[in-house]
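Please look over the sequence and the structure shown here. The report that follows describes the fold and some of its side chains.

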Amino acid sequence: MGEHVMDRGYAVVDFETTGLSPAKGDRAIEIGLVHVSPDGTLEDEHETLIHVDRSVGASWVHHITARELLHAPDFEGIAHELRDLLAGRVFVAHNVSFDSRFLLAEYSRMGASIPVDQSTMLCTMKLSRSLIGRGKLSDCCEYFGIANEDAHSALSDAHATAILLGRLIESDPEWPGFKRRLESAADAAEQWPTFSSLPKKEWLPRSSHVDGNAMTW
């Protein structure tokens, strides 16, 4: 009968944002997403800049300019495709409370509620602190020898976090939190709203990634 929904695994996400607080109007301006299988194998990856009608914030951190966002899709333009990339998978991020707040806020702006909560998400920062005594992504990458040559770009951070997740699964494969979250995410798959009636827009990676100048994996 095809793939069981529980086998979908993880969606490792990183957002670059205009600031730290969606409650104060900050917005997501880039997303990187890497699919990871239940056993920790990287599967595929996706990225796009996201157009917003406001200041891009700290360009010296994320290196994204307002000009780069001019022709990027707005969040509504990626909402349905992103839904398909996330539904049924555990939502993973390094400091997941930060990235989940922005994800929830972006869908909430569209009047949508999505099933991303404590039962369906996993924080590699918290898990790393528990397993290896390190929290910062750069420290975790150093510990495991993970390259992150384009730090503070969404896909590079998501890719590094995805590899980190695999290392953490290897470190403690029997940790019950993995199985519990996989089951919860699978159960919540049908709770995701659909946005197929919205116009779909082409995803637009940052130009340095399109040109092949930034990442080498």
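The model is a predicted one. Phe-178 has a relative accessibility of 5% and therefore counts as buried. The ring centres of Trp-175 and Phe-178 are 4.9 Å apart and the planes stand at 85°, so this pair is edge-to-face.

## Other aromatic rings

A pair of aromatic rings is described by how far apart the centres are and by the angle of the planes. The count of aromatic pairs comes to six. One of them joins Phe-75 and Tyr-107, edge-to-face, with 5.0 Å from centre to centre and 85° between the planes. Phe-75 belongs to helix H3 (residues 75–86) and Tyr-107 to helix H4, so the pair ties together parts that lie 32 residues apart in sequence. Phe-75 and Tyr-107 are both buried.

Phe-75 and Tyr-107 also belong to one aromatic cluster together with Trp-192 and Phe-195. Trp-192 sits in the loop between helix H8 (176–188) and helix H9 (207–210). Its relative accessible area is 6%, so Trp-192 is buried. Leaving aside residues up to four places away in sequence, the residues that Trp-192 touches include Arg-83, Leu-86, Tyr-107, Ile-114 and Val-116. Between the C-alpha atoms of Trp-192 and Pro-173, which are 19 residues apart along the chain, the separation is 28 Å.

## The chain as a whole

The protein chain has nine helices and five strands. Read from the N terminus, the order of these elements is β-β-β-α-α-α-β-α-β-α-α-α-α-α. The radius of gyration is 16 Å, close to the 17 Å from the globule rule for 217 residues, so the chain is as compact as a globular protein of that length. The C-alpha trace spans about 45 × 40 × 30 Å along its principal axes.

Of the 217 residues in the chain, 52% are buried. Among contacts with a separation of 6 or more, 72% are between residues 24 or more positions apart. The chain exposes about 10,600 Å², and carbon and sulfur atoms supply 49% of that area.

## The sheet

In what order do the five strands of the open sheet lie? The order is E3-E2-E1-E4-E5, and the pairing is mixed. Strand E3 (42–49) and strand E5 (121–123) are the edge strands, each pairing on one side only. On average, neighbouring strands of this sheet are turned by 25° against each other, direction ignored. Strands of a sheet pair through backbone hydrogen bonds, in either the parallel or the antiparallel sense.

E2 and E3 run antiparallel and are joined by seven bridges. His-35 stands opposite Asp-44 in E3. The hairpin of E2 and E3 has five residues between the strands, and Gly-40 in this hairpin takes a positive phi near 100°. Ala-93 has Cys-123 in E5 as its bridge partner.

## Helices against the sheet

Helix H4 (residues 96–109) lies across strand E1 (10–17), strand E2 (28–36), E4 and E5, and runs at about 80° to E1. Helix H5 (residues 124–132) packs on the sheet as well, where it touches E4 and E5. The direction of H5 makes about 50° with that of E5.

## Two residues with positive phi

Most residues other than glycine have a negative phi. His-63 is not a glycine, yet its phi is positive, at about 60°. This residue is placed in the loop between helix H1 (59–62) and helix H2 (66–69). With a relative accessibility of 52%, His-63 counts as exposed.

Asn-95 is not a glycine either, and its phi is positive at about 75°. Asn-95 is found in the loop between E4 and H4. Is Asn-95 buried or partly exposed? Its relative accessible area is 29%, so Asn-95 is partly exposed.

Note on methods:
Residues numbered from 1 in each chain as written. Predicted model: local features only at pLDDT ≥ 70, side-chain atom pairs only at ≥ 80, totals over all residues. Heavy atoms only, no water. Pairing = 2+ DSSP bridges. Helix = DSSP H or I, 4+ residues; strand = E, 2+ residues; numbered from the N terminus. Axes fitted to C-alpha atoms, helices over the stretch in contact; angles between N-to-C directions. Contact = heavy atoms within 4.5 Å. Phe/Tyr/Trp six-rings, centres within 6.5 Å; stacked < 30°, edge-to-face > 60°. Buried < 20%, exposed > 50% of the residue type's maximum accessible area, 1.4 Å probe, protein only. Rg over C-alpha atoms; globule rule 2.2 N^0.38 Å. Areas by Shrake-Rupley, 256 points an atom, 1.4 Å probe, with all protein chains shown as cover.
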